[in-house]
Amino acid sequence: MAENFVITIARGYGSGGRTVGKMLAKTLDIPFYDRELFYLASEDSGINLSLFGSSDEKIKKGLFTPATHKYTGDLIPPESSDFVSNENLFNYQAKIIRELAATRSCVIVGRCADYVLRDFPGLVDVLVWAPHDICVQNIVEIEGLSEKEADRKIRKIDKHRSEYYRYYTGHDWNDIRNYSACINSGRLGFEKTAQAIRQFAELKLGRPIG
């Protein structure tokens, strides 16, 4: 039986990374995980689902918020006052990500999955991006916003994702050196981007997949 592989997709908002991930998972007939991780982490930890949703790929800044809180894999026990902290919410999501990688091949979008699985031999870590003007047009078409509203939303969400990634990994989210492959979906379109990721995964893993 072939070893499990996990394709992680980091993505700019409006680049279509989530859509590409779902296409890829469907083509390969493997599970797709995005916000589904919240439900699994909530069930595993007993922490209310709404807390996972409110902390989704963003950090709460306070007077004493450190620049980074690099993920180490340790869980905070239930008796601790920090059990439902954002850091522990991340820890439980990461725990689920590692367990998924150990039991099945899948596609995971966001949540620093590339960093969490950095030592996993079956990791295929990809960044999907597109020029800002194309991301704006995608959001205008998909969400029905004005260009100004779409521009503002993209900048806000990408800022949150960047801060989140740096906080838990110590690295820059949009630094291409963090990923094995970076693909411009604005050039290829969603379907060809999914195809390109599959081809790259087969090259990286040295075997056919799906």
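Reader: Is R152 buried, exposed or partly exposed?
Author: This is a predicted model. In it, R152 has 48% relative accessibility, so R152 counts as partly exposed. The cut-off for exposed is over 50%.

Reader: Where does R152 sit in the chain?
Author: In helix α7, which covers residues 147-169.

Reader: How many residues does α7 have, and how far does α7 reach?
Author: α7 has 23 residues. From the first C-alpha to the last, α7 reaches 32 Å. That is close to the expected 33 Å, at 1.5 Å a residue.

Reader: Which residues of α7 are buried?
Author: A150, I154, D158 and R161 are among them. Further along come E163, Y164, Y165, Y167, Y168 and T169.

Reader: Why would residues three or four places apart point the same way?
Author: An α-helix has 3.6 residues a turn, so residues three or four places apart point the same way.

Reader: What covers the buried residues of α7?
Author: The cover includes strand β1 (6-11) and helix α4 (86-103). It also includes α5 (113-116) and α6 (132-143).

Reader: What follows α7?
Author: G170 does. Its phi is positive, near 80 degrees.

Reader: Back to R152. How far apart are R152 and A94?
Author: In sequence, 58 residues. In space, R152 and A94 are 30 Å apart, C-alpha to C-alpha.

Reader: New topic: T8. Which strand is T8 in?
Author: T8 lies in strand β1.

Reader: Is T8 buried or exposed?
Author: Buried, because T8 has 2% relative accessibility. The cut-off for buried is under 20%.

Reader: What is T8 in contact with?
Author: Leave aside neighbours within four places in sequence. Then T8 is in contact with I108, A113, D114 and L117, and also with L123, V124, D125 and V126.

Reader: Now the whole protein chain. How many helices and strands?
Author: The chain has 9 helices and 5 strands. From the N terminus on, the order is β-α-β-α-α-α-β-α-β-α-α-β-α-α.

Reader: Why does the chain count as being as compact as a globular protein of that length?
Author: Its radius of gyration is 17 Å, close to the 17 Å the globule rule gives for 210 residues, so the chain is as compact as a globular protein of that length.

Reader: How much of the chain is buried?
Author: Of the 210 residues, 48% count as buried.

Reader: And the accessible surface?
Author: It comes to about 11000 Å². Carbon and sulfur atoms hold 52% of that surface.

Reader: Last one. How many charges are there?
Author: The chain has 28 positive and 28 negative charges. Their mean positions are 3 Å apart.

Notes:
Residues numbered from 1 in each chain as written. Predicted model: local features only at pLDDT ≥ 70, side-chain atom pairs only at ≥ 80, totals over all residues. Heavy atoms only, no water. Helix = DSSP H or I, 4+ residues; strand = E, 2+ residues; numbered from the N terminus. Rg over C-alpha atoms; globule rule 2.2 N^0.38 Å. Buried < 20%, exposed > 50% of the residue type's maximum accessible area, 1.4 Å probe, protein only. Areas by Shrake-Rupley, 256 points an atom, 1.4 Å probe, with all protein chains shown as cover. Lys, Arg positive; Asp, Glu negative; His and termini not counted. Charge placed at Lys NZ, Arg CZ, Asp CG, Glu CD. Expected span 1.5 Å × (residues − 1). Contact = heavy atoms within 4.5 Å.
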